[in-house]
Amino acid sequence: MLTVNFYEKNGKYVGFKVDGHADYAESGQDIVCASVSSAVQLTSNLITQNFGINARVGVDKKTNAVTLRVAEIRDEADKILRGFKQHLELVSHEFENTINIYISEV
């Protein structure tokens, strides 16, 4: 199962970590993982490239976990991250038991 943890500070989203595999299908054939991977890339690019928000983006090469943390609280980043979370919730409802979503205060 994919685990997505959103980081929240002072009521604003400031990052996320995506880890695991949806186990909907075999690796390379899993449409849930493909959807989430695409959304992760879009979210990261919107924050860092399109809005120019300073953020650390990393991939753990052992586990393939992806993390993003903005350097400062920004309304634009919060809105983008909330849109990402909404997308994940829709995918999760469509493909049950594939994604767990959590929110952690940091």
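**Entry 1: Ile99**

I started at Ile99, which sits in strand β5 (residues 99-105). Helices and strands here are DSSP runs (H or I, at least four residues, for helices; E, at least two, for strands), numbered from the N terminus. The model is predicted: local features need pLDDT of at least 70, side-chain atom pairs count only at pLDDT 80 or more, and totals for chains, interfaces and linings use all residues. Residues are numbered from 1 along each chain as its sequence is written, and side-chain values use heavy atoms, with hydrogens and water left out.

Is Ile99 buried or exposed? Ile99 counts as buried because its relative accessibility is 6%. The cut-offs are under 20% relative accessible area for buried, over 50% for exposed and partly exposed in between (1.4 Å probe, protein chains only).

I then listed the contacts (heavy atoms within 4.5 Å). Leaving out residues up to four places away in sequence, Ile99 touches Met1, Leu2, Val4, Val32, Val36, Leu88, Val91 and Ser92.

**Entry 2: the largest pocket**

Val18 came up again here. I looked up the largest pocket and found about 280 Å³ of space. Among its 13 lining residues, Val18, Ser37, Val40, Asn64 and Val66 are the closest to the centre.

The search ran on a 1 Å grid over the protein atoms alone; a pocket is an open set of points where a 1.4 Å probe fits, with protein on both sides within 12 Å along at least five of seven lines, and lining residues have an atom within 4 Å of a point. Points are joined across faces, edges and corners, and the volume is the space filled by probe spheres set on them.

Which element gives the largest share of the lining? Helix α1 does, with five residues. Strand β2 (12-19) and α1 each supply at least two. By class I noted seven nonpolar, five polar and one charged. Ala, Val, Leu, Ile, Met, Phe, Trp, Tyr, Cys and Pro count as nonpolar; Asp, Glu, Lys and Arg as charged; the others, Gly among them, as polar.

**Entry 3: Thr43**

I stayed with helix α1 (residues 31-50), where Thr43 has its place. Thr43 counts as buried because its relative accessibility is 5%. A polar atom of the Thr43 side chain lies 2.8 Å from the backbone oxygen of Ala39. Beyond four places in sequence, Thr43 touches Phe16, Ile80, Leu81 and Phe84.

**Entry 4: salt bridges**

I searched the whole structure and got five salt bridges (a side-chain nitrogen of Lys or Arg within 4 Å of a carboxyl oxygen of Asp or Glu). One pairs Arg82 with Glu8 at 3.8 Å, N to O. This pair links distant parts of the chain, 74 residues apart: Arg82 is in helix α2 (residues 75-94), Glu8 in strand β1 (residues 2-9). Arg82 is partly exposed at 35%.

Glu89 and Lys85 meet at 2.6 Å, N to O. Both lie in helix α2, four residues apart, about one turn of the helix. Glu89 is partly exposed at 30%, whereas Lys85 is buried at 15%. I also noted that shared partners join Glu8, Asp78 and Arg82 into one network of salt bridges.

Last, I checked Arg74 and Glu76, whose closest N and O atoms are 3.2 Å apart in a salt bridge. Arg74 is partly exposed at 24%, and Glu76 is partly exposed at 32%.

Methods:
A polar contact is a pair of N or O atoms within 3.5 Å; within protein, one must be able to donate a hydrogen and the other to accept it, and residues adjacent in sequence count only if both atoms are side-chain atoms.
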